[in-house]
Structure formats: C-alpha cells, structure tokens
Amino acid sequence: MNITKMHGAGNDYVYIDCFSQDVPDDLPELARQISHRHFGVGGDGLVLIRKSDQADARMQMFNADGSESEMCGNAIRCVAKFMYDHGIKSTPNLKIETGAGILSLDCEVGGDGLVSRVKVDMGPPELHGPKIPTTLPVDPDGRVVESAVEFDGKTFPVTCVSMGNPHCVIFVPDATDELVLGLGPKIENDPRFPNRINVEFVEVLSRNEVRQRTWERGSGETWACGTGAAAVCVAGVLSGRTERTVLNHLLGGDLTLTWDEASGHVIKTGPATEVFSGQWNR
C-alpha cells in the first residue's frame, strides 16, 4: 500500500491516496500500527484521501490511538497540497469534505510548481456548550467563556469552542510541561467533556500574537493543532485578550488566524509539507 508522510507545522500524519487504491477494513488498527513512532511510520495519526460526491475529496482521519476524529486544520492543508501536487486536482482552489462539513481551501503555489502554503476557511465556531459538547455551566448566551473551572484542585479560566471538533482553551502565563503533559490528559478525559476534548494552553504575547501548546485528544501533545489555533483565535476575541487577527506560534511553526467579523468564519493560513513516500506492507 502506497503511503505519504506529510506535516502541517509539525502536526504529522500518514496519508493514503484512496483514489488509486483500497485500504484494509480495520482502519483503527491500521492507524494505531502505522502511527507508532517506534514500530510503525510514526505520526499523530492516519489520514485517508477519499473520493467524494460532494467535493473534490473527502478527508477521513484517525488519531494515533485509533479513534476517529471529525476534522484537523493542519491535515486538511496537506490533503489540498497532495491533491494539487499529485495531479488529482489541476486548480489550486479546492473543496474538501470532512466530518465537520465541506471546507474551501486556496493553495499558494511556489516557483517549483508545488504548494507551499494553504488558506482554509474553517467556517464559523460552535459556541453553544451542549453542542461542543460540554456539561460545564453556560452563561446567558449558552456559552462557556472565561469560566472559572477547577481541574485537579486548581482553578483556570476556560473557554470552550468547537471548530468541528471540541476544544478547551486556557490562557496561562506560562504553558509549562506540568500543565500540558500533566494536566492535559486529565482535562481530555474529564467527564464534563462527554466526547473527550482537545486542550490548548495559551500564552498571550500581545494583542496580535500568542503562543500555543496543545494536548490533543487521542494523540497526546502535538506540535501543532489547526482547529485548536482557530479555537484560540475565537477564545482570544471572546475573552477580550486579542484582536481578531493573530499570529500563533506553535511548536512546529506559525499559523495566521482571522475571525472574520462580517462572515463569522475563521480563516487560517499555514504551511503544508510532504516529507516522503513509501510502501506499507499490509
């Protein structure tokens, strides 16, 4: 089975072109095996690039633990790059079907004829607590914004946002290992988040610049999280900490986010990189 390793700002997945080949039936097990960083290819998960009767392609993705996820803002940029660079789609403007709906993407093509960066319309955020979902108490508008929530005996200001998948955004003075690696998995599996949750620990550097570390549901700490960065942009505006456009520094690179006031959509721009191609013996 032909595979391709790609990453978006260090958020790395193994990609399989399902336009030209079939895949095994047990996809969760394939994701666990292929994502293992010692016994497999290594990655934050598995992404299948499938045919769609509604869009140019459909992205199906699995986390490293085999759980299926609705959406990944970094992976979808790589899907667009793969589609264009490998000649499946001849124009740099694509629509990709995901578990969170159909998203529009615009590719920046370099002088070598290959895609270097991709802009994604992530759509509007979901802010209604029960739809995220979370059972945390909501404000009069049905949202969880800067709510004082206790985790592991400590209280944090929490904002919950769904960008097709659920996020818990916490602004902190310092996104330490103790928070990300110690508290992150406890919040992910907190029963107040029925479908588990992605957790962002965010340092505000200025009103237009932040630094983010993410404990990602089903994968642990990842070097970037595109939907998480979008959620951080929204949370920054709702909490009054940032402007509508921010530069987000992640472990694997930078993303630019804008929560457009007119449309209500979050627009994200960032890199997409192909690392290598090979074969997986199934």
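Author: Gladly, and keep in mind that this is a predicted model. Let's begin with M1, whose relative accessibility is 12%.

Reader: What makes M1 count as buried or exposed?

Author: Buried means under 20% relative accessible area. M1 has 12%, so M1 counts as buried. This residue lies in the segment before β1 (2–8). Its contacts, not counting residues up to four places away in sequence, include I16, V23, P24, L30, W280 and R282.

Reader: How do you know that the span of helix α3 agrees with its number of residues?

Author: Helix α3 (residues 177–188) has twelve residues, and at 1.5 Å a residue they should span 16 Å. The end C-alpha atoms of α3 are 15 Å apart, so the two values agree.

Reader: Which residues of α3 are buried, and why are they placed on the same side?

Author: The buried ones are L179, V180, L183, G184, I187 and E188. They cover an arc of only 135 degrees around the axis, and therefore they sit on the same side of α3. In general, an α-helix has 3.6 residues a turn, so residues three or four places apart point the same way. Among the elements covering the buried residues of α3 are β9 (147–151), β10 (154–162) and β12 (198–206).

Reader: How many cavities are counted, and from what volume?

Author: One cavity of 30 Å³ or more is counted. The largest cavity has a volume of about 40 Å³. Its lining includes M61, C72, N165, E216 and R217, and the lining residues divide into three nonpolar, four polar and two charged.

How values were computed
Residues numbered from 1 in each chain as written. Predicted model: local features only at pLDDT ≥ 70, side-chain atom pairs only at ≥ 80, totals over all residues. Heavy atoms only, no water. 1 Å grid on protein atoms, 1.4 Å probe; cavity = no way out; pocket = protein on both sides within 12 Å on 5 of 7 lines; lining within 4 Å. Points joined across faces, edges and corners; volume = space filled by probe spheres on them. Nonpolar A, V, L, I, M, F, W, Y, C, P; charged D, E, K, R; others polar. Helix = DSSP H or I, 4+ residues; strand = E, 2+ residues; numbered from the N terminus. Expected span 1.5 Å × (residues − 1). Buried < 20%, exposed > 50% of the residue type's maximum accessible area, 1.4 Å probe, protein only. Arc of directions from axis to C-beta. Contact = heavy atoms within 4.5 Å.
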